[in-house]
Amino acid sequence: MYAFEIERPTTLQDAVAAIAGGGQALSGGQTLIPTLKARLADPGKLVSLHGVAELKGVCTDDDGRICIGAATTHATVARELAGSYPGLASLAARIGDPAVRNRGTIGGSLANNDPSACYPAGALASGATIVTNTREIAADDYFHGMFATALEEDEIITEVKFPVPRAAAYEKFIQPASRFPLVAVFVAKFDDGVRVAITGASETGVFRWTEAEAALSSDFSAGALDGLRVDPDHMIADLHGDKAYRAHLCAVMTKRAVTAAA
Amino acid sequence: MPKDSGIGASSKRREDVRFLTGAGNYTDDINIHGQLHVHFLRADVAHATLNGVDTSAAEGMPGVHRIFTAADFAAVGGLPCGWLITDRHGQPMQEPKHPILAEGKIRHVGEPVAAVVADTLAQARDAAEAIVLDYDVLPAVIDMKAALQDGAGRVHDDLTSNLCYDWGFVEDNKQAVDDAIKGAAHVTTLELVNNRLVANPMEPRVAVGEYNRSDDMHTLHTTSQNPHVIRLLMGAFVLGIPEHKLRVVAPDVGGGFGTKIFHYAEEAFCTFAAKALNRPVKWTSTRSEAFMSDAHGRDHVTKIELALDADNNFVAVRTETLANMGAYLSTFASSVPTWLHGTLMAGNYKTPHIYVNVKAVFTNTVPVDAYRGAGRPEATFQLERVIDKAARELGVDPIKLRRQNFITEFPYATPVAVEYDTGDYVATMDKLEEIADLAGFAARRKESEAKGKLRGLGVNCYIEACGIAPSNLVGQLGARAGLYDAATVRVNATGSISVMVGAHSHGQGHETSFPQVISEMIGIPEDQIDIVHGDTSKIPFGMGTYGSRSLAVCGSAMVRAAEKVINKAKKIAAHLMEASEGDIELKNGRFSVAGTDKSVAWGDVTLAAYVPHNYPLTDIEPGLEETAFYDPANFTYPSGAYACEVELDPETGHVKIERFSAADDFGNIINPMIVSGQVHGGIAQGIGQAMLEGCVYDADGQLLSASYMDYAMPRAEDVPFYTVDHSCQTPCTHNPLGVKGCGEAGAIGSPPSVVNAVLDAINSGSGKKVAHIDMPLTPARVWAAMQ
């Protein structure tokens, strides 16, 4: 770790100002802190969002969407959404281990956009809206590839709004070492169609499997996916699985998610 | 009824109180006034010519005391290898220098190139970043087969090739083996990889060097399984410090698994730098450094052939192995694929003809050395895998095939130069069939199939050779050390006892089990007896703990020393009771005169020894303390039979281990609970090797599995509840306790049954035929094999 300054603002306004002044946002730090410890980053100044009360907590808006403050931990989401959106609560409940879930936050996860993170699949499949200090971004426009998002310099996520589907499930096949998804699929069934988002698999980060969505929108059953294949071309290949295996798992885990949701 | 103390009692591990309440004293807990911190600048390329190390920008940085490079160690020896192997042609192995810091060349990622000593670790790291290495990258030598080809790049320019040795065993058997295979009714051939592992003890390595000008005394505090061995190697071969001026202390050590046997560069560095700077110097490995500097394990590529006659009797075994040495010879690296591997190739079977060939190869990777089992898991794995493959090819039951070929008469001299003193392989297999409920397997398979899963059953046997010995024999085989051990039993005036033992406990529970033996012998409570270990200034001598040797070798020394103490105490008791020494009996902590009601308590006798007012001073010395050295007559040969049951998801290739059963014969047992714990831990590591752990280099020599993000360790959910049994006991015939050793059995015995089970699931249930899958059996590999 290199030496760094740390600011601990208590209001969003102060946090935004501190970040604009050259600070690196710290929200849970489950990726950032290990990166710092390995001396792979030297941000000079960290701005902890931990003390900003307005970034925390869960509520429901007038449209019935569940609004989760960006600095809300996975453990809180798992607990608070158990009745209102069990599919997403279950995703949050299975991120990392208890220590990770009690520090890591939804905003931190979505801002980092690790290609193997869980939340991007939940947000994309839900058609969530990512709210920042300056605007609202539809999930479909937010994820730009591995570790890349629509966020501008100095822009921070303040809240994430989730429409609640009729049915949803998240099926995760873990990479044995990291316990991140090797391939994980979030399926969400809305009145106007089904959305399927896959994380862990693609070189371009989380993605929607549109062929599966079309098939499931007319027949929400695992059988509707028979014969559908994800193109292995853009899949990740590493120690833990080649492209063909990941492409195969996309189909298997999607079927399982549909079965679990139905 | 189970005993509540002494031999055979499951006494609770007394050391766990301090471990579990944060009161342990690990090397990193040692902080000495005035200590400095060292950070090693490690190579980030695998192979390069090192033209220069420019430290000029780093020298003046805040807190920096001194920066060391190879030039500072010009007068110092390299790290020695403890075993000279003589090859098939009578030539000594090629033995390159292993410098403290890289000398002229970089030979593996992680090799220390420079060392910065500063007031704080952060300052040392800052300064290390300002060091400029001038090097020219060379093509990395990674693949062993490629490394042996003509024209391959050389890891060591001063050697004639990358071949360390070409070992044949037993060379005189070769022709007979070749002939037997030619004439056999059936030959099963299997090529396999025994995957490279990283030991990953919970506590990383640490070294704290100290020097005292007043008495010219060096002290090294280190995470070692064998402090006396480190003192000998570092003092005599590396730094030239006489042993009476060098103290090595290994306090609580948080797991070793072999990787803390060896003498490492960081230990020599901290000892050397402490004198050079006249300040204590401390190094604590990060987990990242551990991955690229702790000696790795296994890494064999093997072809094995098993020949059978028309009645399915084994007639010959022939194996060819490439064994990765890494970039340098670690302390016992050369012995692992040879004497600890070839001698076990008979396994539990009466195969008359066996020939083992091993080529040890230098590559641009971290040195490879002993890891829990060390050579014996590699032998067991290939033998038990090829037997399973033969059974499938021949359409015979794999258990029946094993039983048919069991050695049943003891002692048994194998064709690979060892003599098993005792064993009962039929009994352990019978016990296994019972505890694993093999009869219920078919029903369990049906249940799995109803869920769309495949169920497989894998079985294997193993034989182990523990307590490697005797010293005169291993000396002939090339060992550069003796393999005895020592103990001092010091009886205090009031009767309590301190036993100074050469064995080192780093998870084995010696502090509990060793006193159980003394308590049994004398009849005083276990809590009156303490074990002292891990400090060369406190114990007479010791070769340390590895190879499941502690109780069989050091425990025997302790028994011998205790017998001397008891003999002397009987003389004192005879004097006190005015009886004949021959009539004195010791029972339950009292000396009595046979046939009378006269007796004196243990404490009365010990007090007399130290307050010798009424004492036969003309015949015996005061005091009550005895030392014994014990050099075993032979190895011990634990054995067993293991069964693994898996459930496989054919859609994903995911394997869940549902049941694991182990029937072991460890001879006599001191503490059944500790033995079970050792077996549990060993099986977990074996399952780790079979299912999860794989150390992988890319073609450039970069370590791809360099953290827990990519190197998978077994976790609680990866292992089942084990069923272990050690009621089959054929005591060792040549040590006083009749014990055999249990530390490595689980790691040796479990990988073949896991792999056999997965292949059984595929071949018996899916309609697909898969002959072999290399470990670790990750879901991706299992799924790919089934396509």
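Analyst: Domain bounds come from an automatic or database domain assignment. With that in mind, the C-alpha centres of domain 2 of chain B and domain 3 of chain B lie 40 Å apart. This is a predicted model, where local features need pLDDT of at least 70, side-chain atom pairs count only at pLDDT 80 or more, and totals for chains, interfaces and linings use all residues. Residues are numbered from 1 along each chain as its sequence is written, while chains are lettered from A and ligands numbered from 1 in the order in which they are written.

User: Which stretches of chain B make up its domains?

Analyst: Domain 1 takes 27-138 + 202-255 + 260-293, domain 2 takes 300-468 + 634-786, and domain 3 is 484-630. Domains 2 and 3 of chain B touch through 20 residues of domain 2 and 16 residues of domain 3 (two residues are in contact if their C-beta atoms, placed from the backbone, lie within 7 Å).

User: What makes chain B as compact as a globular protein of its length?

Analyst: Compare two numbers! The radius of gyration, taken over C-alpha atoms, is set against a globule rule of 2.2 Å times the number of residues to the power 0.38. For 787 residues the rule gives 28 Å, and chain B has 27 Å, which is close, so chain B is as compact as a globular protein of that length. Its C-alpha trace spans about 85 × 75 × 55 Å along the principal axes.

User: Why is Asp299(B) called buried?

Analyst: A residue is buried if 20 or more other C-beta atoms lie within 10 Å of its own, exposed if 12 or fewer, and partly exposed in between, with C-beta atoms placed from the backbone. Asp299(B) has 25 such neighbours inside 10 Å, so it counts as buried. Asp299(B) lies in the loop between α8 (287-293) and β13 (300-308) of chain B, and its phi is near 65°, a positive value in a residue other than glycine.

User: And what about Arg179(A): is it buried, partly exposed or exposed?

Analyst: Arg179(A) has 19 other C-beta atoms within 10 Å, so it is partly exposed. Its phi is also positive, near 65°, and its place is in the loop between β9 (167-174) and β10 (181-190) of chain A.

User: How do you know that β9(B) and β10(B) pair?

Analyst: Two strands pair if DSSP finds at least two bridges between them. Strand β9 (residues 206-212) and β10(B) have six bridges, in the antiparallel sense. Strands (E, at least two residues) and helices (H or I, at least four) are DSSP runs, numbered from the N terminus. One bridge partner in β10(B) is His221(B), which goes with Val208(B). Between the strands of this hairpin are four residues, and Asp216(B) takes a positive phi near 55° there.

User: How does β10(B) run with β11(B)?

Analyst: These two run parallel, and four bridges join β10(B) to strand β11 (residues 246-249). Thr219(B) stands opposite Arg247(B) in β11(B).

User: What makes strand β10 of chain B mostly covered?

Analyst: Five of the six residues in β10(B) (residues 217-222) are buried. Across the whole of chain B, 56% of the 787 residues count as buried.

User: Which residues does Val758(B) contact?

Analyst: Leaving aside neighbours within four places in sequence, Val758(B) is in contact with residues including Gly456(B), Val646(B) and Ile773(B).
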